Amino acid sequence: MNSIQNYVMWLLGVGALGTEIYAVVDATRYRPEAYRAADKRTKNFWLLVLVVAALVGFVLVRSVLSIFGVLAFVAAAVYLADVRPALRAISGRGGGSGRQGPYGPW
């Protein structure tokens, strides 16, 4: 039973680490002006938060449910759920091909 729990914790840790790394890579794709235009913190702020979160996630991959592991995942989740959609809307990357017709995207 203990080995199954360890395996599940490891899978959760790897999943959280993947999410944190994805958030870091995604945050590098947008220009610093997009962060200001979206009325979010600066690009450097988010990169610092997300890199620290990814490092903490890497160190705590086997104990993802510790307080620091949860905080690292929450930082990535906040970026992906709040900041990223605002950046995509500002950059014109959201909603399909980006071509706009008189009645919306086409």
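Colleague: Is Lys-40 buried, partly exposed or exposed?

Modeller: In this predicted model, Lys-40 counts as partly exposed because its relative accessible area is 25%, and buried would require a value under 20%.

Colleague: Where is Lys-40 found, and what does Lys-40 touch away from its sequence neighbours?

Modeller: Lys-40 is found in the loop between α2 and α3. Leaving aside residues up to four places away in sequence, Lys-40 touches Tyr-35, Trp-46, Asp-82, Val-83 and Ala-86.

Colleague: OK, on to α3. Which of its residues are buried?

Modeller: The buried residues in α3 are Lys-43, Trp-46, Leu-47, Leu-50, Ala-53, Ala-54 and Gly-57. They cover an arc of only 135° around the axis, which puts them on the same side of α3.

Colleague: Why would residues spaced like that point the same way?

Modeller: An α-helix has 3.6 residues a turn, so residues three or four places apart point the same way.

Colleague: And what covers that buried side, and what is exposed on the other side of α3?

Modeller: The cover over the buried residues of α3 includes α1 (2-28), α2 (32-37) and α4 (67-91). On the other side of α3, the exposed residues are Asn-44, Leu-48, Leu-55 and Val-59.

Colleague: What span should α3 have for its number of residues, and how far apart are its ends?

Modeller: Helix α3 runs over residues 43-59, and at 1.5 Å a residue its 17 residues should span 24 Å, which agrees with the 24 Å between its end C-alpha atoms.

Colleague: Which residues of α1 are buried, and what do they pack against?

Modeller: Gly-13, Ala-16, Leu-17, Glu-20, Ala-23, Val-24, Asp-26 and Ala-27 are the buried residues of α1, and they pack against α2, α3 and α4.

Colleague: Changing topic: how many cavities of 30 Å³ or more turn up in the whole structure?

Modeller: The search finds 1 cavity of 30 Å³ or more, and the largest cavity holds about 30 Å³ of space.

Colleague: What lines the largest cavity?

Modeller: The lining consists of Gly-13, Ala-16, Leu-17, Glu-20, Gly-57, Leu-60, Val-61, Val-64 and Gly-69. Helix α1 gives the largest share of this lining, with 4 residues, and by class the lining has 5 nonpolar, 3 polar and 1 charged residues.

Colleague: Last one, stepping back: how many helices and strands are there, and in what order?

Modeller: The chain has 4 helices and 2 strands, and from the N terminus on its elements run α-α-α-α-β-β. Of the 106 residues in the chain, 29% are buried. Among contacts with a separation of 6 or more, residues 24 or more positions apart account for 66%.

Note on methods
Residues numbered from 1 in each chain as written. Predicted model: local features only at pLDDT ≥ 70, side-chain atom pairs only at ≥ 80, totals over all residues. Heavy atoms only, no water. Expected span 1.5 Å × (residues − 1). Buried < 20%, exposed > 50% of the residue type's maximum accessible area, 1.4 Å probe, protein only. Arc of directions from axis to C-beta. Contact = heavy atoms within 4.5 Å. 1 Å grid on protein atoms, 1.4 Å probe; cavity = no way out; pocket = protein on both sides within 12 Å on 5 of 7 lines; lining within 4 Å. Points joined across faces, edges and corners; volume = space filled by probe spheres on them. Nonpolar A, V, L, I, M, F, W, Y, C, P; charged D, E, K, R; others polar.
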